[in-house]
Amino acid sequence: MRNDNPIWPFVEAKGLEFTGLADRVFDTPELAYGEVESCAAHTQMLRDQGFRVTENVAGIPTAVMGEAGRGGPVIAILGEYDALPGLSQEPGRADPKQIADHGFGHGCGHNLLGSAALSAATAVKDWLEAEGLEGRVRYYGCPAEEGGAAKTYMVRDGQFDDVDIAITWHPASFNAVDDMRSLANTRIDFTFHGKAAHAAGAPELGRSALDSVELMNIGVNYMREHMPDAARVHYAYLDAGGIAPNVVQAKATVRQLIRSPDLQGLQSLVERVRNIAEGAAMMSGTRVSSQVFSAVSNLIGNRPLSEAMQAEFEALGPVPFDAEDAKFADEIRATLSPEDIADTFKRLAMKPDYDKPLCDFIAPLDRPFMGGIGSTDVGDVSWAVPTVQARVTTCAVGTALHTWQQTAQGKAPAAHKGMLHAAKVMAATARAALTDASLIVAAKKAHAEHLATYPYACPIPPETTPPIGDVPQVIRPS
């Protein structure tokens, strides 16, 4: 690992402040669009660090933006801070133990994600000031990544229209520049309206909305054989029609989560699912209405930015863990299966190393794609502006996101080291763009070429607004 990048010391100088921020957010886990305390903590840190702050971004109370510097270019660094339901866990333990009084937890590491992104933005700000250079850095505090698609709404609102490049990261069990693959998705709530009746005395007078939901799910299940292998459809009952089996259910709602490798394929699948809903209503003698809850686009990569981040990552080297970090990682790995551990290496197209507690290498940029992807609203930012993302080790090899093991490691020294390492990678990538105008030119050229072939259309309809204040509908894991 080299120590000669002039921006790295700016991260190190304020490391304790930002690991403290990460821990405070960990201690107040909040779900999508309800991240009041987490957003307030990030907002106060922005003010403390001298950023010009804009609150209520895109009309979302828990979205915030801080800007520093003057002139151009404009570099956006993206942070998140929402938690997940059912993943409360005492930190520092290698056995499942919920924290009393709530069931939420940072099982995806977003307490680290937002803090590292704000650390990187602060380092860029301080470096620009020290060098007397022009350029602006913005920190975007983005809520509701877990199913709420806040960044999609922010893109639709034009919040990234004047940004030159965007940079972000995600906690992981490995080190790599992200391959920028994800599934576009949309969540649609289908509500069936039937007619109540006495289920024994006069069932012929009823029209069951619950039957409609079940018929729809059967239809979707039969569709699975005849859709692309990488596509996915999941569902959850939001309203099963009540708890009385002797009443024909007059109303029931199911949320269908439809995923596809790209927006074009998503549109086709959505149309088919909508047709199935209409068919279910016809079969059951009910009617159906639908409401898009959220939607995100697939990620698109940017080769010039990926190459630049890879160079900065390799110059920095892997996260410098110590023996105590490895000891706790081994305790966590004892709770994992061999398949869990192998999955970390599968994602990097590597042979599993079952004796490695923490990742001590950086994956090559060009590696075979081995599948296993989810969805993220960073995807819509990547359509709006050239975007690059890092994956940085903050947890033991084999740790899966959305698990108690991930939450258990959220305040560990290894997690703190990983998040500050990520901040250095992002800050260095931003510095490279600010000192080499050709990088931004190349990134924009690659981005424009993609859009010329695949124009962007926001996957959320214009009439759909963020479900602010509707937290109960967004507590289901994505």
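Predicted model: local features only at pLDDT ≥ 70, side-chain atom pairs only at ≥ 80, totals over all residues.
Leaving aside neighbours within four places in sequence, Ile167 is in contact with Ile75, Ala76, Ile77 and Leu78, with Met309 and Val388, and with Met426, Thr429 and Ala430.

Now widen the selection to the largest nonpolar core, a set of 72 residues. Ile167 is among those with the most contacts inside this core, along with Ile75, Ile77, Val124 and Trp169. Which helix gives the most to this core? Colour residues 413–435: that is α13, which supplies 14 residues. As background, nonpolar side chains tend to be buried together in soluble globular proteins.

Next, turn to the open spaces. Select Arg347, Gly372, Gly374, Arg391 and Leu401, the lining residues nearest the centre of the largest pocket. This pocket has a volume of about 1000 Å³, and 44 residues line it. To see where the lining comes from, highlight β7 (165–172), β8 (176–177), α10 (338–346) and β13 (387–393), each of which supplies at least two residues. β7 gives the most, with 5 residues. Colour the lining by class and you will find 16 nonpolar, 15 polar and 13 charged residues.

For the last stop, pick Arg181, Ser182, Leu183, Pro261 and Ile373. These lie nearest the centre of the second largest pocket, among the 24 residues that line it. The space in the second largest pocket comes to about 350 Å³. How does its lining divide by class? Here the count is 10 nonpolar, 9 polar and 5 charged residues.

Notes:
Residues numbered from 1 in each chain as written. Heavy atoms only, no water. 1 Å grid on protein atoms, 1.4 Å probe; cavity = no way out; pocket = protein on both sides within 12 Å on 5 of 7 lines; lining within 4 Å. Points joined across faces, edges and corners; volume = space filled by probe spheres on them. Helix = DSSP H or I, 4+ residues; strand = E, 2+ residues; numbered from the N terminus. Nonpolar A, V, L, I, M, F, W, Y, C, P; charged D, E, K, R; others polar. Core = buried A, V, L, I, M, F, W, Y, C linked by side-chain atoms within 4.5 Å. Buried < 20%, exposed > 50% of the residue type's maximum accessible area, 1.4 Å probe, protein only. Contact = heavy atoms within 4.5 Å.
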